[in-house]
Amino acid sequence: MAIISCPSCNKRVSDKAAACEHCGFLISGQDAASMAHSAQALKSKRLNKLIGSQMKSMLLFVVGIAVAFYEWSDESFMASVFEKTFMTPVLLKYIGFMLMGVGLGWYVITRSRIFNLKRKA
Ligand SMILES: [Zn+2]
């Protein structure tokens, strides 16, 4: 039994293990070439997912800007909403800023995860 580093997460695993105990990457029954190949496939799948996540975080940020800076009180529809509910233009601005904050934080996290994923290559 030998200790190898998992092609997917780089942590140490036994080469006799069926799958990596850290990330679930399938190890048994694969030679080095096919293992490298599936590690690559897994990596690009993760990268695509992260890029999709990054797009969503940017979208959230833009929606936040729109909500925070749009003059909602000028809309007659919104004016009636403000009249009938607890919602106020100021509250809507807060919500907009909150969305911007969450979007920005999410973007930074996704960005650093993409950076880490690429650095491992
Ligand atoms: Zn692993």
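Residues 90-109 form a stretch that is 100% helix and 0% strand, with end C-alpha atoms 29 Å apart. UniProt, in an unreviewed entry, places the feature "transmembrane region" at residues 50-70 and 90-109; positions from that record are given in the numbering used here, feature names are shortened, and annotations may be inferred rather than shown by experiment. The structure is a predicted model, in which local features need pLDDT of at least 70, side-chain atom pairs count only at pLDDT 80 or more, and totals for chains, interfaces and linings use all residues. Residues are numbered from 1 along each chain as its sequence is written, and side-chain values use heavy atoms, with hydrogens and water left out.

**Overall layout**

- The chain is divided into domain 1 (1-30) and domain 2 (43-119), with bounds that come from an automatic or database domain assignment.
- Between the C-alpha centres of domain 1 and domain 2 there is a separation of 39 Å.
- Helices (H or I, at least four residues) and strands (E, at least two) are DSSP runs, numbered from the N terminus.
- The other annotated stretch, residues 50-70, is 95% helix and 0% strand, and its end C-alpha atoms are 30 Å apart.

- Cys6, in the loop between strand S1 (3-5) and strand S2 (12-14), and Cys20, in the loop between S2 and helix H1 (32-69), are 14 residues apart and link distant parts of the chain.
- Cys6 counts as buried because its relative accessibility is 0%, and Cys20 counts as buried at 4%; buried means under 20% relative accessible area, exposed over 50%, and partly exposed in between (1.4 Å probe, protein chains only).
- Asn10 is placed in the loop between S1 and S2 and has a positive phi of about 70 degrees although it is not a glycine.
- With a relative accessible area of 42%, Asn10 is partly exposed.

**Helix H1**

- H1 has 38 residues and reaches 55 Å from its first C-alpha to its last, close to the 56 Å expected at 1.5 Å a residue; the expected span is 1.5 Å times one less than the number of residues.
- Buried residues of H1 include Met35, Ala39, Lys43, Leu50, Ser53 and Gln54.
- S1 and helix H3 (89-119) are among the elements that cover the buried residues of H1, where contact means heavy atoms within 4.5 Å.
- His37 is in H1 and is exposed, with a relative accessible area of 59%.
- His37 and Tyr107 are 70 residues apart in sequence, with their C-alpha atoms 29 Å apart in space.
- Ser57, also in H1, is buried with a relative accessible area of 1%.
- Leaving aside residues up to four places away in sequence, Ser57 touches Gly103, Trp106 and Tyr107.
- Val67 lies in H1 and counts as buried at 14% relative accessibility.
- With residues up to four places away in sequence not counted, Val67 touches Trp72, Leu92 and Gly96.
- The C-alpha atoms of Val67 and Pro7 are separated by 44 Å, and these residues are 60 apart along the chain.

- H3 has 31 residues and reaches 45 Å from its first C-alpha to its last, close to the 45 Å expected at 1.5 Å a residue.
- In H3, the residues Leu92, Gly96, Met100, Gly103, Thr110, Ile114 and Leu117 are buried.
- These buried residues of H3 pack against H1 and helix H2 (76-84).
- Glu71 is found in the loop between H1 and H2 and is partly exposed, with a relative accessible area of 44%.
- Glu71 and Val81 are 10 residues apart in sequence and 14 Å apart in space, C-alpha to C-alpha.
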